[in-house]
Amino acid sequence: LSPVCLGSLRRAASINAEYMGQIKDGLTPYMKEENIPMSSDNVWSTFVNRVRNKLHIVLCMSPVGDAFRVRCRMFPSLINCTTIDWFDKWPREALLSVANRFLGDLDLEEEESRTVFG
């Protein structure tokens, strides 16, 4: 699909004919491949389902202080409709293990190697 302004996607009524045409043009090959009949309802339903399946947002904020609590009260879906992963500080050994795993096969200069692996 070509880029569509996400601000326009808040409500179905806010999608104008130009965006709907772009959405339909972008989905036509997929819908033909999946044998989905081309109708306005099917185009919109397919679009919404693909956005739900493919759109992922990473939102990072510190849980320290009042700001996080205030945001959660203002936007309860931050808690109710999300997956929360808490990340603590990694031990040095774990960081080195990951670095070795992903960078170990690279041909690094001595100085670069010391910088990466300590």
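This tour goes through the structure one selection at a time.

The model is predicted, and local features need pLDDT of at least 70, side-chain atom pairs count only at pLDDT 80 or more, and totals for chains, interfaces and linings use all residues. Residues are numbered from 1 along each chain as its sequence is written, and side-chain values use heavy atoms, with hydrogens and water left out.

**Whole chain.** Start with the cartoon view. The chain has six helices and zero strands. Helices (H or I, at least four residues) and strands (E, at least two) are DSSP runs, numbered from the N terminus. Of the 118 residues, 12% are buried; buried means under 20% relative accessible area, exposed over 50%, and partly exposed in between, with a 1.4 Å probe and protein chains only.

**The core.** Select I23, L27, M31, V43 and F47, the five residues of the largest nonpolar core. Such a core is a set of buried Ala, Val, Leu, Ile, Met, Phe, Trp, Tyr and Cys residues joined through side-chain atoms within 4.5 Å. Helices α1 (17-33) and α2 (40-54) each supply at least two of its residues, and the largest share, three residues, is from α1. In soluble globular proteins, nonpolar side chains tend to be buried together.

Go to N35, in the loop between α1 and α2. Its phi is near 55 degrees, a positive value in a residue other than glycine. N35 is exposed, at 66% relative accessible area.

**The salt bridge.** Now select R69 and D66, whose side chains form a salt bridge (2.7 Å, N to O). The term requires a side-chain nitrogen of Lys or Arg within 4 Å of a carboxyl oxygen of Asp or Glu. A search of the whole structure finds one. Both residues are in helix α3 (residues 66-74), three residues apart, so about one helical turn separates them. R69 is partly exposed, at 38%.

**The pocket.** Show I57, L59, L78, T82 and T83, which lie nearest the centre of the largest pocket among its 21 lining residues. On a 1 Å grid over the protein atoms alone, a pocket is an open set of points where a 1.4 Å probe fits, with protein on both sides within 12 Å along at least five of seven lines; lining residues have an atom within 4 Å of a point. About 900 Å³ of space lies in this pocket. Helix α4 gives the largest share of the lining, three residues.

**The surface patch.** Finish with W90, in the loop between α4 (77-80) and α5 (92-103). W90 is partly exposed, at 45% relative accessibility. With F87, L95, V98 and F102, W90 makes a nonpolar surface patch of about 590 Å². Patch residues have over 30% relative accessible area and no salt bridge, and nonpolar side chains (Val, Leu, Ile, Met, Phe, Trp, Tyr) are joined within 5 Å.

Methods: Patches are made of residues with over 30% relative accessible area and no salt bridge: like charges are joined within 9 Å, nonpolar side chains (Val, Leu, Ile, Met, Phe, Trp, Tyr) within 5 Å. Accessible areas come from the Shrake-Rupley method with a 1.4 Å probe; for residues, only the protein chains shown count as cover. Grid points are joined across faces, edges and corners, and a volume is the space filled by probe spheres set on the points.
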